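Here's a quick briefing on the fold below. Have a look at the overall build first, then at a couple of backbone spots.

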Amino acid sequence: MSLPVLLDLSHTSHTRARTGIQRVARSLLGALREEARPITYDPHLRAWRPLEAWEQENLGAKSADRKRGAQWPLQAKMRARARRWLGSGPISRKTAFPEHNGILVPEVFSAEVAKALPALFRATAGPRVAIFHDAIALKFPELTPSKTVARFPAYLQELLAFDGIAANSEDSRDSLLDYWQWAGFTKTPPVTAIPLGVDVREVVSVHAAPDTALPIVLSVGSIEGRKNHLALLAACEKLWERGMLFELRLIGLTHPQTGRIASERINALKSAGRSLCYNGPLADAAVDTAYAECAFTVYPSLIEGFGLPVIESLAHGKPCVCSGRGAIGESARGGGCVSVDVTDVSQLAASMARLLESPTELSALAKAARARHFKSWDGYAEELMDWMRTLPRRTD
């Protein structure tokens, strides 16, 4: 067996949130198994180190947290500071991480982590690879948290220090390369598009919707500006006003800045007696059940680096109404989706109405979804590692 790679989980190991990047990081760790050695930058120790038991527990937690930020228990902070005061030295290849073959960074790393990366790179044998998720902060700054927008240009420049970048989609790859070209960077690492995987249990977990009073229309995704829930809510209101009977079910973490208006609208519609259920973030098993119970899903997001909920819906055999553009369009092209202009409320409403009123069309789309073949996370990890092994260490 080849030597493991170091897997930087500096953020994911300190939160139980299950947003897209955290799900990718956890899924990749599970797929790599013995091929990965998870590590973190400890800001209190001011050094890189292997994960401690409490951090490992965060990675394996089944529940979903409503807090996105990293959480550090007081005892962990004090323990790290004590070690630093007692003279914990800088890392080297032979001390902290004696046997490894490169580093993989699946997260969007912070400025603090970025400052610590050069030391880790010097202590790392083998290639250094980052996963690039999306350029949303560049394309939709008005729908992105202000801190993310301010940080993003520096992050894109810091990616130049890696030996290779694995983008989640062709759209994400092209966005990164276009930005580097626009910024005038010439010495850039190779960038390849490696689409994400899906859990095998999701691929095989196709169930019929339960015999409920109302058909369920499901939307999975964090409540934030770019996810475009306001358009979905407006489309549903059109259908409810026409007397159509269905329940809209929303699952996802609400962003306190960009999701505030959508959250207020959700509460207003519930107060008005509309058939709307907002569950917040849920554990994976509960999300699986929601997919199994719905008639179809709607993913109204304006832009994604990949769009996991589209693939997950199809893997459950449930059709998805979504955009036909960008990375989402890449996932939708294989069948089982109704592609619409998600900024057009009337078009969104009409597509939903058609699926609610036409069991024949819904059944045909479900059949197309079940006929598709999806890459597992194991397959994704294998593809990623195979590409990573081809990369030389850059010396410039």
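The radius of gyration here is taken over C-alpha atoms, and the globule rule is 2.2 Å times the number of residues to the power 0.38. For 396 residues that rule puts a compact globule near 21 Å, and the protein chain agrees with its 22 Å. Keep in mind that this is a predicted model: local features need pLDDT of at least 70, side-chain atom pairs count only at pLDDT 80 or more, and totals for chains, interfaces and linings use all residues. Residues are numbered from 1 along each chain as its sequence is written, and side-chain values use heavy atoms, with hydrogens and water left out.

**Overall build**
- The C-alpha atoms fill a box of roughly 70 × 40 × 40 Å along the principal axes.
- You'll find 16 helices and 13 strands in the protein chain (DSSP runs numbered from the N terminus: H or I of at least four residues for helices, E of at least two for strands).

**Burial**
- Of the 396 residues, 53% are buried (under 20% relative accessible area; exposed is over 50%, partly exposed in between, with a 1.4 Å probe and protein chains only).

**Positive phi**
- Most residues other than glycine have a negative phi.
- Arginine 46 has phi near 60 degrees; it sits in the loop between strand E2 (36-42) and strand E3 (47-50) and is exposed at 57% relative accessible area.
- Asparagine 228 has phi near 65 degrees; its loop runs between strand E8 (216-220) and helix H9 (229-241), and asparagine 228 is buried at 12%.
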